[in-house]
Amino acid sequence: MKAITVEPKKPGSARFEEVPEPDVGNGSVLVEAIAVGVCGTDVEIVEGKYGWSPPGKGRLVLGHESLGRVLDPGAAGGLKKGDLVVGIVRRPDAVPCPNCAVGEWDMCRNGQYTERGIKEIDGYMSERWRIEPEYAMKIDPSLGLLGVLLEPTTVVTKAWEQVVAVGQRAFWTPRTMLVTGAGPIGLLAALVGKQHGLDVHVLDRVESGLKPELVRELGATYHSGSILDIGFEPDVIIECTGVGSVIADSIQKIAAGGIVCLTGVGAGGTVGRVVADVAAAVVLKNNVVVGSVNANKRHWYKATETLARADRKWLRRLITRCEKPENFQQALERRPDDIKVVIQFSEV
Ligand SMILES: [Zn+2]
């Protein structure tokens with residue numbers, strides 16, 4: 001079969017090549033790939049900045065935002081041939097740490113977790129892949145290709161759950177949510193906010209085009225420019241840019257008792273505010289700044305429900321490009337209008 005593979009930490013080593021059939025060690029369920037989403041992590045791996053190949057192997061099959069069709073469900077019950085499934089990405093560490101021991105691998109404490117297509121386990125960018133039945137999430141068949149949006153939806157599902165958990169510390173009735181960044185994660189965070197009945201606002205740099213349209217179609221309000229000019233203090237901010245100045249503005253603008261949830265991963269940037277001033281704002285308004293990454297099985301399950309409830313036409317517009325596997329290099333190039341680019345292996 002063919003797969004998109006890479007030698008981790010070696011820039012320019014990605015290729016679409018012939019590889020052996022999927023390793024039975026990866027699970028008893030055999031799946032035919034339909035599509036795999038591309039995100040910034042894939043780009044970083046291909047650029048040689050990130051990623052680890054399976055032990056004893058030089059190359060890693062790329063891809064963690066999967067969608068496939070069950071070819072052989074194996075001996076375990078629960079799945080049948082033809083089911084549409086998405087593979088969970090992370091696996092608990094082998095020690096295990098206390099969190100992995102209770103199924104909270106998203107909160108892994110020792111960093112020894114593994115991840116499909118990222119860290120020590122082959123990913124999903126191959127014509128066929130195998131998975132353990134307990135890590136294969138069955139999706140509503142009417143979603144079809146849209147199932148490829150499940151993995152990014154799990155990220156915002158966990159972020160929202162973190163916000164709700166922190167909110168339990170006091171009487172709190174959040175009404176307004178600001179999402180910073182209208183990429184796939186930001187738009188899906190806005191969807192989750194709308195589904196929970198919040199007045200949702202989304203801020204991004206672009207002033208026109210698909211992103212503002214999608215925000216308005218969701219029944220949310222679009223802003224471009226600075227957070228400081230949005231005209232209100234949000235109860236919740238889901239920060240999806242990782243940009244230092246946006247993070248600092250978020251902490252300054254959040255309402256009293258509000259929660260800023262950071263999901264973006266950035267680097268560097270100038271320090272625009274002294275730490276003690278930022279801390280003073282947090283103290284005096286009882287704010288919480290919480291980071292959130294990855295997702296456990298509960299979030300994956302909730303995310304399947306979020307997608308199943310969402311408007312199919314709106315979700316379809318998030319997928320702006322479908323590339324063939326042999327054109328994976330084009331799929332990894334960022335274009336301004338791209339929201340979610342997927343590599344399509346077979347028809348749904
Ligand atoms: Zn762990």
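This is a predicted model: local features need pLDDT of at least 70, side-chain atom pairs count only at pLDDT 80 or more; totals for chains, interfaces and linings use all residues.
**Entry 1: α3 against α8**

I began with the helix pairs, since two packed helices are described by the angle between their axes and the distance between the axes. For α3 (residues 150-167) and α8 (residues 297-309), I found axes that come within 8 Å and cross at roughly 110 degrees. That makes α3 roughly perpendicular to α8, because angles of 65 to 115 degrees count as such. The crossing of α3 and α8 is right-handed. I then listed who meets whom: from α3 come Leu150, Glu151, Thr153, Thr154, Thr157, Lys158 and Glu161, and from α8 come Arg298, His299, Trp300, Lys302, Ala303, Thr304, Thr306 and Leu307.

**Entry 2: α3 against α4**

Next I looked at another partner of α3. Helices α3 and α4 pack with their axes 9 Å apart, at an angle of about 55 degrees. That makes α3 oblique to α4. I noted a right-handed crossing for α3 and α4. On the α3 side I see Pro152, Thr153, Val155, Val156 and Trp160, which meet Ile185, Leu188, Ala189 and Val192 of α4. The residues of the contact of α3 with α4 divide into eight nonpolar, one polar and no charged. I also marked Thr153, which is listed in the contact with α8 and in the contact with α4.

Which residues of α5 (residues 210-217) are buried? I got Lys211, Pro212, Leu214 and Val215. They cover an arc of only 165 degrees around the axis, so they sit on the same side of α5. Their cover includes α4 (184-195), β13 (199-204), β14 (221-224) and α9 (312-318). Just after α5, I found Gly219 with a positive phi of about 85 degrees.

Then I turned to α7 (residues 275-284). Of its ten residues, the number buried is zero, so α7 lies largely in the open.

I went looking for exceptions here, since most residues other than glycine have a negative phi, and most peptide bonds are trans. Asn286 has a positive phi of about 55 degrees although it is not a glycine. I placed Asn286 in the loop between α7 and β17 (288-291), and it is exposed, with a relative accessible area of 53%. Glu120 is not a glycine either, yet its phi is positive, at about 70 degrees. Glu120 belongs to strand β9 and is partly exposed, with a relative accessible area of 32%.

Where is the cis peptide bond? It runs from Val95 to Pro96, with omega near -15 degrees. Pro96 is in the loop between β7 (90-91) and α2 (98-101).

**Entry 3: Ser126**

My last stop was Ser126, in the loop between β9 (120-121) and β10 (128-131). Is Ser126 buried or exposed? Its relative accessible area is 3%, so Ser126 is buried. Leaving out residues up to four places away in sequence, I find that Ser126 touches Met1, Lys2, Ala3, Ala33, Val61 and Phe345. I also noted Glu32: its C-alpha is 8.5 Å from that of Ser126, while the two residues are 94 residues apart in sequence.

Terms used. Residues are numbered from 1 along each chain as its sequence is written. Side-chain values use heavy atoms; hydrogens and water are left out. Axes are lines fitted to C-alpha atoms, for helices over the stretch in contact, and angles run from 0 to 180 degrees between N-to-C directions. Helices (H or I, at least four residues) and strands (E, at least two) are DSSP runs, numbered from the N terminus. Angles under 35 degrees count as roughly parallel, over 145 as roughly antiparallel, 65 to 115 as roughly perpendicular and the rest as oblique. A crossing is left-handed if the near helix is turned anticlockwise from the far one by less than a right angle, and right-handed if clockwise. Contact means heavy atoms within 4.5 Å. Buried means under 20% relative accessible area, exposed over 50%, partly exposed in between (1.4 Å probe, protein chains only). The arc is that of the directions from the helix axis to the C-beta atoms. Ala, Val, Leu, Ile, Met, Phe, Trp, Tyr, Cys and Pro count as nonpolar, Asp, Glu, Lys and Arg as charged, and the others, Gly among them, as polar.
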